[in-house]
Amino acid sequence: MATTLNSEKGRPRSGVGDMKAVLAREYGCPEILTLEEVDRPEPEASQVLVDDDARRQTHQGQGGSDGQRPRWKGERVLRLLIVLAIGLAALPAGAAVAPVEEFIVDEMSASGVPGLAYAVVGDGEVTTIGAYGVTEEDGENVTAETPFQIGSISKSFTALAVMQLVEAGEVRLDAEISKYLDGFSGQMAGTITVRQLLSHTSGFSTLQGNTSHTDTTGGNDELTLRVDVLAEAGLDHQPGDRWEYSNANYQILGRLVEVVSGQDYQTYVTDSILEPVGMKHSFVADGEVHDDMATGHRPWFGTKRPLSENATDRGTAPQGGIVASASDLALYMQMMMNDEDDVLSAEGKAEMMRPASAASPFYGFGWYLDTGKGTVWHSGLVPGSEAVATLVPSEREGVVVLVNANSGLGFGETTQLRNGVTARALGFDYDGEGSRWSQKALFVGLVALPFIYLLSMIWAWRRRDEIRAKTGGFGLFSLWFPLLSTLVAAWVILWLVPTLFGSPIGNLLLFAPDFGLALIFTAAFGLLWAVFRLAVAYTGKSGLP
C-alpha cells in the first residue's frame, strides 16, 4: 500500500491540488472530489469523481427553459477527460506510485521478504509512503509507523550529534580524541582526530570494527567497555593515510557524545535529534526487547527464518542502533535537505554531505557520496534487517527503503528489491542485478560439498583394499595430498576470506546462517574425508580389519 502525502498539512493528496478553482472557472465544474489516498493492493486506474448534483448547477443567462446551461451529449465525458489530463499533469514525480507498487509486489515474492516500508521526499516534501507485507509470519501488517532497525544509517545520526557539539563549541573536528576520552591518552589511537573518526580515515580496520564481543554484559556501561578495548588496540595503518570503513570509529564517536554531553547516547540522541525532528515512532537501541519492531528474518536455504526475539544492543547503538519508521525517516531526510538552521545549521548539514578530506573523497560525515549522480546515501545491515537511504540534496529529493530480512546468496536476495525501489522513486536508470547464476552456483556447490565428501567416505570404505594397497611415492602423494589441500581450503574458508572481507565467520552466521553453516560444514567434511582415507589406509596396514 502506498499513500501520497501533503507534508505541510499532514494529509494525503491526489496531485490535483488546487485545480478545483481552475476547473470550476474555466470548464464549468463547480466541485471536484479529489482522491484522498492511494490505498490499493494492486495498481488501478486513477479516478476523479465529479459531483453529479453540482454538475447540474444552474447558470443564469446561459439559455434553456430550466435555467441550465445547454449541454451536448458528450459533455460529461469531455469534462472527465479534461479533469484527468490536468490532474495527471499536476501529479508530482513521487506520486506516480503504480510502477513502484508493481515492482515491490513482484520482488517481495522473489526475495522472500516478509515486510517492507519506504518513503519518498520530492522537492523537500514527503510525497509518498508505502508499507507492504507483515512484521512476521502471522503477525501484524507493516505500516508507515512500524519501526525497523536501520543499521548503519544510524551513523548519520551519530555524526549529526557530534556536529551539534561542534557547533556548540564543545568539540573541535581536528582535535585529537585523547582530548576528550582519557582512555586514549598515551595510546597509539590517541592521535586520531574527530574528523578522521567521522570519515573512516582513523586507521582502524573493517575487521576491528566487526569483531564480535563475547564478554558483553548488556549493562549501561556496555559502550564504555567496548571503547576502552579500542583505546588500547593497535591501528591497521596510520591515521589520515587512507580510507577504510570501520564500525570502531562510530563506537568511539558515540562514547565522545556521552562524555562531552554528560548524557548516555540513547538520551542525547532522543532529546536532541529524534524529538526535535518529530520522529515519534523511533528510538535508540537500549538493550531491551521491543515487540513493536518489525521482526528480523535471516536466509535459511531458500526461505526466511524469523529471529527469536526483537532484541537491541546498547554497545552497537552509535554504529547501527537507531530503530525508525519509514514516516519518521521521511522527516529526517526532509530535515537534512531543508537548507534551514534547526537541529543543526544549514552549513553544518552541508558539511556532513561533502567529502571530509583528501583521503575520503567519497565519504562525508556519516554519509557516502556519489559525486557523479549527485547523491548522498548509506545502507544499513543488522541481523534480520536491511535498509538504504538515498538523498539528492540539490533537488531536495530522497527515498528510504526498509526490509525485515537479510539477503541470501543467489537465492532470496534483497538487493534488487531495495535498489529497484530507490531507482524508480528517484527516476534513475536501473537494470537490476542480473541472473546471479554464479552466486547461485556457489551456494549450491557449498551445500552439496559436505554430501559429496560423505559419499566419498563411503566409496573409500568400499574400496579400502585399493587404498591400502597404495605404495611408492605416487601412492603416498595420493594419500596425503588430500589432507594438505583440505587443510588449505579450511584455512581459506574459515580465516582468509572472512579476514579479507573484514567479517569473522561468527558474524556471517549472524547475518546468513545458511551460508555460514555451508562454509563450516564444507571445511569440516573436507578434512574429515581426508583423515578418514588415511585412517582406512593405515589401519589396514597395521593388520586391523
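The model is predicted, so to speak of local features a pLDDT of at least 70 is needed, side-chain atom pairs count only at pLDDT 80 or more, and totals for chains, interfaces and linings use all residues. Residues are numbered from 1 along each chain as its sequence is written, and side-chain values use heavy atoms, leaving out hydrogens and water.

**Overall make-up**
- The protein chain holds 19 helices and 15 strands, counted as DSSP runs numbered from the N terminus (helices are H or I, at least four residues; strands are E, at least two).
- Of the 545 residues in the protein chain, 49% are buried; buried means under 20% relative accessible area, exposed over 50%, and partly exposed in between (1.4 Å probe, protein chains only).
- Among contacts (heavy atoms within 4.5 Å) between residues at least 6 apart in sequence, 68% join residues at least 24 apart.

**Salt bridges**
- The whole structure has 13 salt bridges, each being a side-chain nitrogen of Lys or Arg within 4 Å of a carboxyl oxygen of Asp or Glu.
- One of them joins Arg-226 and Asp-313, with the closest N and O atoms 3.3 Å apart.
- Arg-226 lies in helix α8 and Asp-313 in the loop between β10 and α11 (317-320), so this pair ties together parts that are 87 residues apart in sequence.
- Arg-226 is buried at 7% relative accessible area, while Asp-313 is partly exposed at 29%.
- Glu-222 joins Arg-226 and Asp-313 in a network of salt bridges.
- Asp-342 and Lys-349 also meet through their side chains in a salt bridge (2.7 Å, N to O); Asp-342 is partly exposed at 39%, and Lys-349 is buried at 2%.
- Arg-354 and Glu-347 form another, with closest N and O atoms 2.7 Å apart; Arg-354 is partly exposed at 35%, as is Glu-347 at 47%.

- Pro-299 stands opposite Lys-304 in β10.
- Two residues separate the strands of this hairpin, where Phe-301 takes a positive phi near 50°.

**A nonpolar surface patch**
- Phe-477, Phe-481, Leu-484, Val-488, Trp-491 and Trp-495 form a nonpolar patch on the surface, together giving about 650 Å² of accessible area.
- Patch members have over 30% relative accessible area and no salt bridge; like charges are joined within 9 Å and nonpolar side chains (Val, Leu, Ile, Met, Phe, Trp, Tyr) within 5 Å.
- Accessible areas come from the Shrake-Rupley method with a 1.4 Å probe, and for residues only the protein chains shown count as cover.
- Trp-491 sits in helix α17 (residues 472-500) and is partly exposed at 44% relative accessibility.

Key
Pairing = 2+ DSSP bridges.
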